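Please keep the sequence and the 3D view open while going through them.

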Amino acid sequence: MTARSPVAAAFRALYSVRNAAAKPVYWWYERRLRRKVRVGGKLPQHLGLILDGNRRFAKAAGVQREIGYEFGIDKAHEVLQWCLELGIPAVTIWVLSTDNVARDPEEVAHLMKLFDREARNLARDPRIHGNRVRVRAIGQHASFPVHVLNALKELEEATASYDGMLLNIAVGYGGREEIVDAVKVYLEHQAEAGATLQQAAEALGPEDISARTYTAGTPEVDFIIRTSGEIRMSGFMLWQSVYSEFYFCDVYWPGFRWVDFLRALRDFQGRKRRFGK
(Lines give C-alpha, C1' and ligand atoms only; values in the text may rest on other atoms or scores of the structure.)
Protein backbone atom coordinates (compact mmCIF):
# COMPACT_ATOMS: atom_id res chain seq x y z
CA MET A 1 0.00 0.00 0.00
CA THR A 2 1.14 3.54 -0.70
CA ALA A 3 2.28 5.36 2.43
CA ARG A 4 -0.31 7.59 4.07
CA SER A 5 0.41 11.03 5.56
CA PRO A 6 1.88 11.14 9.10
CA VAL A 7 -1.15 13.11 10.30
CA ALA A 8 -3.54 10.50 8.92
CA ALA A 9 -1.49 7.70 10.47
CA ALA A 10 -1.46 9.40 13.88
CA PHE A 11 -5.18 10.07 13.82
CA ARG A 12 -5.82 6.49 12.72
CA ALA A 13 -3.86 5.21 15.71
CA LEU A 14 -5.82 7.39 18.15
CA TYR A 15 -9.11 6.37 16.55
CA SER A 16 -8.18 2.69 16.81
CA VAL A 17 -7.37 3.07 20.51
CA ARG A 18 -10.73 4.70 21.17
CA ASN A 19 -12.61 1.97 19.28
CA ALA A 20 -10.64 -0.76 21.03
CA ALA A 21 -11.99 0.44 24.37
CA ALA A 22 -15.56 -0.14 23.20
CA LYS A 23 -14.90 -3.39 21.33
CA PRO A 24 -15.56 -5.78 24.25
CA VAL A 25 -19.04 -4.30 24.62
CA TYR A 26 -19.92 -5.16 21.03
CA TRP A 27 -18.10 -8.49 20.69
CA TRP A 28 -20.89 -10.66 22.05
CA TYR A 29 -23.59 -8.69 20.24
CA GLU A 30 -21.71 -8.87 16.93
CA ARG A 31 -21.24 -12.60 17.30
CA ARG A 32 -24.93 -13.09 18.00
CA LEU A 33 -25.93 -10.89 15.06
CA ARG A 34 -23.55 -12.67 12.70
CA ARG A 35 -25.06 -16.02 13.62
CA LYS A 36 -28.59 -14.67 13.07
CA VAL A 37 -27.71 -13.21 9.69
CA ARG A 38 -26.02 -16.40 8.51
CA VAL A 39 -29.07 -18.55 9.33
CA GLY A 40 -31.72 -15.85 9.03
CA GLY A 41 -32.52 -16.08 5.34
CA LYS A 42 -31.38 -14.95 1.94
CA LEU A 43 -28.67 -12.34 1.64
CA PRO A 44 -28.73 -9.65 -1.05
CA GLN A 45 -27.64 -10.87 -4.46
CA HIS A 46 -26.62 -7.35 -5.42
CA LEU A 47 -25.80 -4.87 -2.67
CA GLY A 48 -25.56 -1.14 -3.35
CA LEU A 49 -23.57 1.09 -0.99
CA ILE A 50 -23.68 4.90 -0.96
CA LEU A 51 -20.52 5.88 0.89
CA ASP A 52 -21.67 9.18 2.35
CA GLY A 53 -20.26 11.31 5.15
CA ASN A 54 -16.47 11.31 4.71
CA ARG A 55 -16.15 15.09 4.91
CA ARG A 56 -18.57 15.41 7.83
CA PHE A 57 -16.71 12.66 9.68
CA ALA A 58 -13.51 14.71 9.31
CA LYS A 59 -15.23 17.93 10.38
CA ALA A 60 -16.76 16.28 13.45
CA ALA A 61 -13.33 14.91 14.39
CA GLY A 62 -11.67 18.28 13.86
CA VAL A 63 -9.29 17.02 11.16
CA GLN A 64 -8.70 17.81 7.50
CA ARG A 65 -11.23 16.53 4.96
CA GLU A 66 -8.43 14.54 3.30
CA ILE A 67 -8.19 12.41 6.43
CA GLY A 68 -11.92 11.75 6.18
CA TYR A 69 -11.37 10.39 2.67
CA GLU A 70 -8.46 8.24 3.88
CA PHE A 71 -10.67 6.73 6.55
CA GLY A 72 -13.42 6.26 3.97
CA ILE A 73 -11.03 4.25 1.78
CA ASP A 74 -10.00 2.10 4.73
CA LYS A 75 -13.66 1.45 5.47
CA ALA A 76 -14.37 0.46 1.86
CA HIS A 77 -11.61 -2.17 2.07
CA GLU A 78 -13.05 -3.41 5.36
CA VAL A 79 -16.61 -3.67 4.03
CA LEU A 80 -15.33 -5.52 0.96
CA GLN A 81 -13.91 -8.10 3.36
CA TRP A 82 -17.26 -8.39 5.13
CA CYS A 83 -19.04 -8.97 1.82
CA LEU A 84 -16.52 -11.64 0.85
CA GLU A 85 -16.94 -13.33 4.22
CA LEU A 86 -20.72 -13.46 3.82
CA GLY A 87 -20.59 -14.52 0.17
CA ILE A 88 -22.53 -11.60 -1.34
CA PRO A 89 -22.26 -12.14 -5.14
CA ALA A 90 -22.36 -8.55 -6.42
CA VAL A 91 -21.61 -5.19 -4.80
CA THR A 92 -21.77 -1.67 -6.24
CA ILE A 93 -20.12 1.12 -4.24
CA TRP A 94 -20.73 4.77 -5.12
CA VAL A 95 -17.58 6.77 -4.45
CA LEU A 96 -18.00 9.84 -6.69
CA SER A 97 -21.08 11.31 -8.37
CA THR A 98 -21.26 13.46 -11.48
CA ASP A 99 -22.27 16.32 -9.16
CA ASN A 100 -19.19 15.80 -6.96
CA VAL A 101 -16.92 16.47 -9.94
CA ALA A 102 -18.02 20.13 -9.74
CA ARG A 103 -16.59 20.55 -6.22
CA ASP A 104 -13.51 22.59 -5.31
CA PRO A 105 -10.80 21.73 -7.92
CA GLU A 106 -8.23 21.00 -5.19
CA GLU A 107 -10.59 18.53 -3.54
CA VAL A 108 -11.37 16.82 -6.85
CA ALA A 109 -7.65 16.64 -7.71
CA HIS A 110 -7.00 14.98 -4.35
CA LEU A 111 -9.77 12.47 -4.99
CA MET A 112 -8.32 11.65 -8.40
CA LYS A 113 -4.97 10.88 -6.77
CA LEU A 114 -6.75 8.58 -4.34
CA PHE A 115 -8.59 6.78 -7.16
CA ASP A 116 -5.30 6.27 -8.98
CA ARG A 117 -3.61 4.93 -5.85
CA GLU A 118 -6.43 2.67 -4.77
CA ALA A 119 -7.07 1.23 -8.24
CA ARG A 120 -3.42 0.19 -8.37
CA ASN A 121 -3.62 -1.18 -4.82
CA LEU A 122 -6.71 -3.23 -5.67
CA ALA A 123 -5.00 -4.60 -8.78
CA ARG A 124 -2.35 -6.05 -6.43
CA ASP A 125 -4.63 -6.97 -3.53
CA PRO A 126 -4.34 -10.71 -2.68
CA ARG A 127 -8.00 -10.76 -1.63
CA ILE A 128 -9.08 -9.66 -5.10
CA HIS A 129 -7.10 -12.40 -6.82
CA GLY A 130 -7.60 -15.06 -4.15
CA ASN A 131 -11.39 -14.62 -4.28
CA ARG A 132 -11.44 -14.04 -8.06
CA VAL A 133 -13.22 -10.69 -7.66
CA ARG A 134 -14.07 -9.03 -10.96
CA VAL A 135 -13.83 -5.24 -10.67
CA ARG A 136 -15.48 -2.74 -13.01
CA ALA A 137 -15.40 1.05 -12.91
CA ILE A 138 -18.76 2.41 -14.02
CA GLY A 139 -19.74 5.99 -14.82
CA GLN A 140 -18.59 8.80 -17.07
CA HIS A 141 -14.81 9.09 -17.07
CA ALA A 142 -14.02 11.26 -20.09
CA SER A 143 -12.91 14.18 -17.90
CA PHE A 144 -10.65 12.07 -15.68
CA PRO A 145 -6.86 12.51 -15.85
CA VAL A 146 -5.07 9.99 -18.06
CA HIS A 147 -3.22 8.42 -15.12
CA VAL A 148 -6.55 7.67 -13.40
CA LEU A 149 -8.04 6.21 -16.60
CA ASN A 150 -4.98 4.00 -17.01
CA ALA A 151 -5.17 2.80 -13.40
CA LEU A 152 -8.87 1.93 -13.72
CA LYS A 153 -8.26 0.17 -17.02
CA GLU A 154 -5.41 -1.88 -15.59
CA LEU A 155 -7.58 -2.92 -12.64
CA GLU A 156 -10.41 -4.01 -14.92
CA GLU A 157 -8.08 -5.91 -17.22
CA ALA A 158 -6.35 -7.65 -14.29
CA THR A 159 -9.68 -9.06 -13.06
CA ALA A 160 -11.66 -9.37 -16.31
CA SER A 161 -11.57 -13.18 -16.39
CA TYR A 162 -12.58 -13.71 -12.76
CA ASP A 163 -15.85 -15.40 -11.81
CA GLY A 164 -16.16 -14.61 -8.11
CA MET A 165 -17.80 -11.54 -6.61
CA LEU A 166 -18.55 -8.70 -9.03
CA LEU A 167 -17.45 -5.35 -7.58
CA ASN A 168 -18.71 -2.27 -9.42
CA ILE A 169 -16.99 0.97 -8.44
CA ALA A 170 -19.35 3.81 -9.39
CA VAL A 171 -17.04 6.76 -9.97
CA GLY A 172 -18.13 9.81 -11.94
CA TYR A 173 -21.54 8.17 -11.79
CA GLY A 174 -25.05 9.61 -12.07
CA GLY A 175 -28.28 7.67 -12.46
CA ARG A 176 -29.83 10.09 -14.94
CA GLU A 177 -26.66 10.13 -17.01
CA GLU A 178 -26.64 6.35 -17.05
CA ILE A 179 -30.17 6.19 -18.47
CA VAL A 180 -29.35 8.84 -21.08
CA ASP A 181 -26.24 6.90 -22.10
CA ALA A 182 -28.25 3.68 -22.37
CA VAL A 183 -30.82 5.35 -24.65
CA LYS A 184 -28.05 6.83 -26.81
CA VAL A 185 -26.44 3.41 -27.27
CA TYR A 186 -29.83 1.90 -28.11
CA LEU A 187 -30.51 4.57 -30.76
CA GLU A 188 -27.03 4.15 -32.22
CA HIS A 189 -27.57 0.41 -32.57
CA GLN A 190 -30.96 0.96 -34.19
CA ALA A 191 -29.46 3.45 -36.64
CA GLU A 192 -26.68 1.00 -37.53
CA ALA A 193 -29.36 -1.60 -38.24
CA GLY A 194 -31.10 0.82 -40.64
CA ALA A 195 -34.14 1.56 -38.48
CA THR A 196 -35.86 4.94 -38.65
CA LEU A 197 -36.32 7.03 -35.49
CA GLN A 198 -40.01 6.12 -35.41
CA GLN A 199 -39.22 2.42 -35.75
CA ALA A 200 -36.65 2.67 -32.97
CA ALA A 201 -39.15 4.44 -30.70
CA GLU A 202 -41.86 1.85 -31.37
CA ALA A 203 -39.49 -1.03 -30.65
CA LEU A 204 -38.06 0.42 -27.45
CA GLY A 205 -38.86 -1.55 -24.29
CA PRO A 206 -37.55 -1.66 -20.71
CA GLU A 207 -35.32 -4.62 -21.55
CA ASP A 208 -33.54 -2.52 -24.17
CA ILE A 209 -32.51 0.00 -21.50
CA SER A 210 -31.56 -2.71 -18.99
CA ALA A 211 -29.29 -4.34 -21.54
CA ARG A 212 -27.36 -1.09 -22.03
CA THR A 213 -26.93 0.22 -18.48
CA TYR A 214 -23.47 0.30 -16.94
CA THR A 215 -24.38 -2.77 -14.84
CA ALA A 216 -25.87 -4.82 -17.70
CA GLY A 217 -25.63 -8.53 -16.96
CA THR A 218 -25.71 -8.00 -13.19
CA PRO A 219 -28.82 -8.84 -11.11
CA GLU A 220 -30.82 -5.72 -10.33
CA VAL A 221 -29.76 -4.25 -7.02
CA ASP A 222 -31.99 -5.67 -4.30
CA PHE A 223 -30.64 -3.86 -1.23
CA ILE A 224 -29.16 -0.37 -0.94
CA ILE A 225 -27.49 1.06 2.17
CA ARG A 226 -26.75 4.75 2.57
CA THR A 227 -24.69 6.06 5.45
CA SER A 228 -24.54 9.54 7.06
CA GLY A 229 -28.22 9.90 7.98
CA GLU A 230 -29.34 11.36 4.65
CA ILE A 231 -32.64 9.83 3.53
CA ARG A 232 -32.47 10.14 -0.24
CA MET A 233 -31.01 8.30 -3.20
CA SER A 234 -29.39 11.26 -4.99
CA GLY A 235 -29.68 9.46 -8.33
CA PHE A 236 -28.02 6.17 -7.36
CA MET A 237 -28.97 3.34 -9.72
CA LEU A 238 -32.31 4.88 -10.66
CA TRP A 239 -33.09 2.27 -13.29
CA GLN A 240 -31.92 -0.79 -11.36
CA SER A 241 -33.51 0.10 -8.01
CA VAL A 242 -37.19 -0.04 -8.97
CA TYR A 243 -37.77 -2.95 -6.55
CA SER A 244 -34.84 -2.36 -4.21
CA GLU A 245 -35.09 -2.37 -0.44
CA PHE A 246 -33.49 0.66 1.24
CA TYR A 247 -31.69 1.12 4.54
CA PHE A 248 -30.52 4.49 5.86
CA CYS A 249 -27.86 4.45 8.58
CA ASP A 250 -27.17 7.59 10.61
CA VAL A 251 -23.43 6.93 11.02
CA TYR A 252 -20.88 8.60 8.73
CA TRP A 253 -19.26 6.19 6.27
CA PRO A 254 -15.80 6.02 7.93
CA GLY A 255 -17.51 5.11 11.22
CA PHE A 256 -19.68 2.35 9.69
CA ARG A 257 -19.16 -0.75 11.84
CA TRP A 258 -19.52 -4.48 11.34
CA VAL A 259 -22.44 -4.36 13.78
CA ASP A 260 -24.12 -1.64 11.65
CA PHE A 261 -23.71 -3.80 8.55
CA LEU A 262 -25.13 -6.86 10.28
CA ARG A 263 -28.12 -4.86 11.55
CA ALA A 264 -28.83 -3.68 8.03
CA LEU A 265 -28.69 -7.22 6.65
CA ARG A 266 -30.90 -8.51 9.45
CA ASP A 267 -33.42 -5.80 8.58
CA PHE A 268 -33.31 -6.86 4.92
CA GLN A 269 -33.92 -10.49 5.84
CA GLY A 270 -36.99 -9.48 7.82
CA ARG A 271 -38.70 -7.78 4.89
CA LYS A 272 -41.23 -9.42 2.62
CA ARG A 273 -40.51 -8.45 -0.98
CA ARG A 274 -43.62 -8.29 -3.18
CA PHE A 275 -42.25 -6.78 -6.41
CA GLY A 276 -45.43 -4.75 -6.88
CA LYS A 277 -47.75 -7.78 -6.60
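Which residues does Ser241 touch, not counting residues up to four places away in sequence?

1. Ser241 touches Val221, Ile224, Phe236 and Phe246, where contact means heavy atoms within 4.5 Å. This is a predicted model, in which local features need pLDDT of at least 70, side-chain atom pairs count only at pLDDT 80 or more, and totals for chains, interfaces and linings use all residues. Residues are numbered from 1 along each chain as its sequence is written, and side-chain values use heavy atoms, with hydrogens and water left out.

2. Ser241 sits in the loop that joins strand E5 (223–226) to strand E6 (245–248). Helices (H or I, at least four residues) and strands (E, at least two) are DSSP runs, numbered from the N terminus.

3. Ser241 has a relative accessible area of 10%, so Ser241 is buried (under 20% relative accessible area, with a 1.4 Å probe and protein chains only). A polar atom of its side chain lies 2.8 Å from the backbone oxygen of Met237.

4. Helix H7 covers residues 175–192, and its 18 residues should span 26 Å at 1.5 Å a residue (1.5 Å times one less than the number of residues). The end C-alpha atoms of H7 are 26 Å apart, which agrees.

5. Which residues of H7 are buried? They are Gly175, Glu178, Asp181, Ala182 and Tyr186. Seen down the axis of H7, these residues fall within an arc of 140°, so they line one face of the helix (the arc is that of the directions from the helix axis to the C-beta atoms). Their cover includes strand E4 (166–173), helix H8 (197–203) and helix H9 (206–210).

6. Just after H7, Gly194 has a positive phi of about 90°.

Technical notes
Buried means under 20% relative accessible area, exposed over 50%, partly exposed in between (1.4 Å probe, protein chains only). A polar contact is a pair of N or O atoms within 3.5 Å; within protein, one must be able to donate a hydrogen and the other to accept it, and residues adjacent in sequence count only if both atoms are side-chain atoms.
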